[in-house]
Amino acid sequence: MPETTTGSAAAAERFEPRIVAFFCNWCTYLAADLAGTTRLKYAPNIRVVRVMCSGRIDPQFVLDAFAKGADGVLIGGCHPGDCHYESGNYKTLRRFQLLRRTLRALGIEDDRFRLEWLSASEAEPLKTVVNDMVEKVRALGPLHLEVPAEAFAAEGEEVAAR
Amino acid sequence: MTAKPKIAFYWCASCGGCEEAVVDLAEQVLDVVAAVDIVFWPCAMDFKRHDVEAMADGSIAATFVNGAVRTTEQEEMAHLLRRKSRVLVAFGACSQLGGIPGLANLSDTASVLATAYRTSPSTVNPDGVLPQRHTVDGGHALGLPGLYETVRTLDQVTDVDYYLPGCAPTPKLIAAAVQALLTGALPAKGSVLAPDIALCDECARKASKPDALALAAFKRPSEVVLNEEECLLAQGVLCMGPATRGGCEAACVQGNMPCTGCSGPTSRVRDQGAKALSGFASLVASNDAAEIERITGAIADPVGTLYRYALPASLLRRRRVAVS
Ligand code: SF4
Ligand code: SF4
Ligand code: FES
């Protein structure tokens, strides 16, 4: 897609990544809550979706977020051993690793998809994680997942020239 | 005497296996032929596009289209046949989900053409000529259909009434679909004409599939001697059965090979690969990141394994195209 921008540096500055965050009810969501009540300031780029357990996050949710315009997806769950449902976060870890490799094969960089264990008291680490991820995704730029079905590419000379 | 219903078959980006499947109806194909009037079937009968264009809109009772949509010609034919037909059936995995040709969505048109016409070992093309949309030869203007950058399913191009799953659909499913069409006993529009339950349900090995399964390694069928009775997943082989719709009676498992997912997902799953990924990953018998990486690393080609037939129909549809 041709972007009509004047000065790419200025455009990069203006790019505000949209990050969808799936946080588990018992740990990371509470950390986000604590960050709010203690007025910790972090980048406003994340939209938090509360799930009961990180193990509830179907890989389809992640793909759907990317497909609908997210530039990054963050998953937050309880530390290993602390999952309210005992093993949900281990399943999350296993799915995360295979999904990240699948996304890589589909052209989505590792920095756009992140898993972090954050307990209810870890508002400060949450702030660091969010700020860091926003910066990394900002550096990568918008995801732009358009499907160029209409990009008609077989105009003889044009293809031959590549 | 009432006229026989008119039926048409067409192929887009496909291998010919779906045409073969129709012929595989064996004696039943004669019943079908006796009951209907086949008005268009490029693979088997000499009718041309202008014959279809001359038909009245909606005059064909049902058209079965197999193959994914990649070229401008396939797209035009999809629209034309849609207009002429009262019922349009996406026949087979490629038409329903994108199928094997849909794996081209991991690549782009320029590299596909370069491989096919220049770099593949069997190619002899010293001048590096690529297909041209327009050429003039001996004073005659010649044209070829254009290739789209992305392979699409039939329903991403036009409105589809029913889907017949499988690579290729089994004679049993085809016969049942034709029967339903002829008697008007059709389910709701948009239905897949096969049971809406996972393949495991009709697999003879279901009883040996443990409720709780933990795998320390994923193996390829070539790396193990497979027991012919035990659930393949329980033997560490990636069987797509749990993430795939039934209807084929587990044909591949009957041949002691794992299901690779050709019948697509059930109606409760939007993205077959993601669902299979979720299931396979959760079976990994480790809580340690490095160990998990090692075990899941045995799935060398995750997209080709999880989305073998369903990449164009998936949530992301293709490998991301770099934008400049
Ligand atoms: S996983 Fe495969 S082998 Fe096992 S029951 Fe399901 S379809 Fe049959
Ligand atoms: S077992 Fe799986 S891959 Fe084989 S025909 Fe059935 S659905 Fe297709
Ligand atoms: S409840 Fe927090 S990860 Fe399971």
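Helices (H or I, at least four residues) and strands (E, at least two) are DSSP runs, numbered from the N terminus. The model is predicted: local features need pLDDT of at least 70, side-chain atom pairs count only at pLDDT 80 or more, and totals for chains, interfaces and linings use all residues. Residues are numbered from 1 along each chain as its sequence is written, chains are lettered from A and ligands numbered from 1 in the order in which they are written, and side-chain values use heavy atoms, with hydrogens and water left out.

**Exercise 1.** Locate Arg39(A) and Ala168(B), and describe the backbone at each.

*Solution.* Step 1: Arg39(A) belongs to the loop between α2 (28–37) and β2 (46–51) of chain A. Its phi is near 55°, a positive value in a residue other than glycine. Step 2: Ala168(B) is in the loop between β9 and α7 (171–183) of chain B. The peptide bond that joins Cys167(B) to Ala168(B) is cis, with omega near -5°. Step 3: Most residues other than glycine have a negative phi, and most peptide bonds are trans.

**Exercise 2.** Determine the strand order of the open sheet in chain B.

*Solution.* Step 1: Two strands pair if DSSP finds at least two bridges between them. Step 2: The five strands run in the order β2-β1-β3-β5-β9 (chain B), with parallel pairing. Step 3: At the edges are β2 (37–40) and β9 (162–164) of chain B, each pairing on one side only. Step 4: Strand β5 (residues 85–91) of chain B pairs with β9(B) over three bridges, and Ala90(B) stands opposite Tyr163(B) in β9(B).

**Exercise 3.** Describe how α3 of chain A packs against α9 of chain B.

*Solution.* Step 1: Axes are lines fitted to C-alpha atoms, for helices over the stretch in contact, and angles run from 0 to 180 degrees between N-to-C directions. Step 2: Helix α3 (residues 59–67) of chain A and helix α9 (residues 272–282) of chain B make an angle of about 140°, and their axes are 8 Å apart. Step 3: In contact (heavy atoms within 4.5 Å), Pro59(A), Gln60(A) and Leu63(A) of α3(A) meet residues of α9(B) including Ala274(B) and Leu277(B).

**Exercise 4.** Characterise the shell around ligand 2.

*Solution.* Step 1: A residue is near a molecule if one of its heavy atoms lies within 4 Å of it. Step 2: The residues surrounding ligand 2 include Cys248(B), Cys252(B), Cys259(B) and Cys262(B). Step 3: The shell divides into five nonpolar, four polar and no charged residues, where Ala, Val, Leu, Ile, Met, Phe, Trp, Tyr, Cys and Pro count as nonpolar, Asp, Glu, Lys and Arg as charged, and the others, Gly among them, as polar.
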